[in-house]
Amino acid sequence: MRTVLRIALAVVAASLALALELSVVPHLRLPYAVPDLVLLAVLALAAGWGTTGGAVSGFALGLAQDIAPPSVSAIGRHALVLAVAGALAGRAAREVRRSAIRTSMLAGLYAIGAMLLNLLIGFALGGGAGLSRPGLLLALGATALYTAVATPLVVPGLAALARLIDGPSARLVAPVGNAVSGPARTGPARTSPGLYPEAERV
């Protein structure tokens, strides 16, 4: 049942991200680049599901991006890039502190890395960047900035849904980092030897 719910959430996330990227974001007329909403969806799922879940969801969402019109890139190109990003995000989720600013900064860095890896794959397949060096730098900076700004609008909610699907034993992530295995402890913190004396005597 959990697998079915994971698949359903990934499908919904991919559909919404692609729909926004293709129909809404272009009307914003942002200079130089646009936010990578599909990447943000992958980062959120990776934060909730870990390395393996992040890689699998990244591959699935990237494949959807490859086949969704009007894509003209080789099939599997975005799938490979987002699978790598998802695996790295799932691994780093255990180490990132609970900070929305740091989460946004990391998302911007992931956007730069994904764009560079995508360009490298394009060069390997015989394509070109289609941009001058200054244009490429502007595109990288704009993509990082817009993705970082959009992070609070996408990642926290989607990551919470991913954790909810996994139940009480899911990792606790805020919003992309500091994953902790196991359920949360809801009782008062033990701050001195005088707390819970009955338990000590037992």
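Author: Start with a term: a contact means heavy atoms within 4.5 Å. Keep in mind that this is a predicted model.

Reader: Among contacts between residues at least 6 apart in sequence, what share joins residues at least 24 apart?

Author: Take the contacts in the chain between residues at least 6 apart in sequence. Those that join residues at least 24 apart make up 65%.

Reader: How many helices and strands are there?

Author: Read along the sequence, the pattern is α-α-α-α-α-α. The count is therefore six helices and zero strands.

Reader: What span should helix α1 have, and what is the distance between its end C-alpha atoms?

Author: Helix α1 covers residues 2-24, which is 23 residues. At 1.5 Å a residue, it should span 33 Å. The distance between its end C-alpha atoms agrees: 32 Å.

Reader: Which residues of α1 are buried, and what covers them?

Author: Buried here means under 20% relative accessible area. The buried residues of α1 are Leu9, Ala10, Ala13, Ala14, Ala17, Leu18 and Glu21. Residues three or four places apart in an α-helix point the same way, because a turn has 3.6 residues. What covers the buried residues of α1 includes α2 (37-67) and α5 (133-166).

Reader: How is α2 oriented to α4, and what is the handedness of the crossing?

Author: The two helices pack at an angle of about 120°, with axes 10 Å apart. That makes α2 oblique to α4. The crossing is right-handed.

Conventions. Residues are numbered from 1 along each chain as its sequence is written. This is a predicted model: local features need pLDDT of at least 70, side-chain atom pairs count only at pLDDT 80 or more; totals for chains, interfaces and linings use all residues. Side-chain values use heavy atoms; hydrogens and water are left out. Helices (H or I, at least four residues) and strands (E, at least two) are DSSP runs, numbered from the N terminus. The expected span of a helix is 1.5 Å times one less than its number of residues. Buried means under 20% relative accessible area, exposed over 50%, partly exposed in between (1.4 Å probe, protein chains only). Axes are lines fitted to C-alpha atoms, for helices over the stretch in contact, and angles run from 0 to 180 degrees between N-to-C directions. Angles under 35 degrees count as roughly parallel, over 145 as roughly antiparallel, 65 to 115 as roughly perpendicular and the rest as oblique. A crossing is left-handed if the near helix is turned anticlockwise from the far one by less than a right angle, and right-handed if clockwise.
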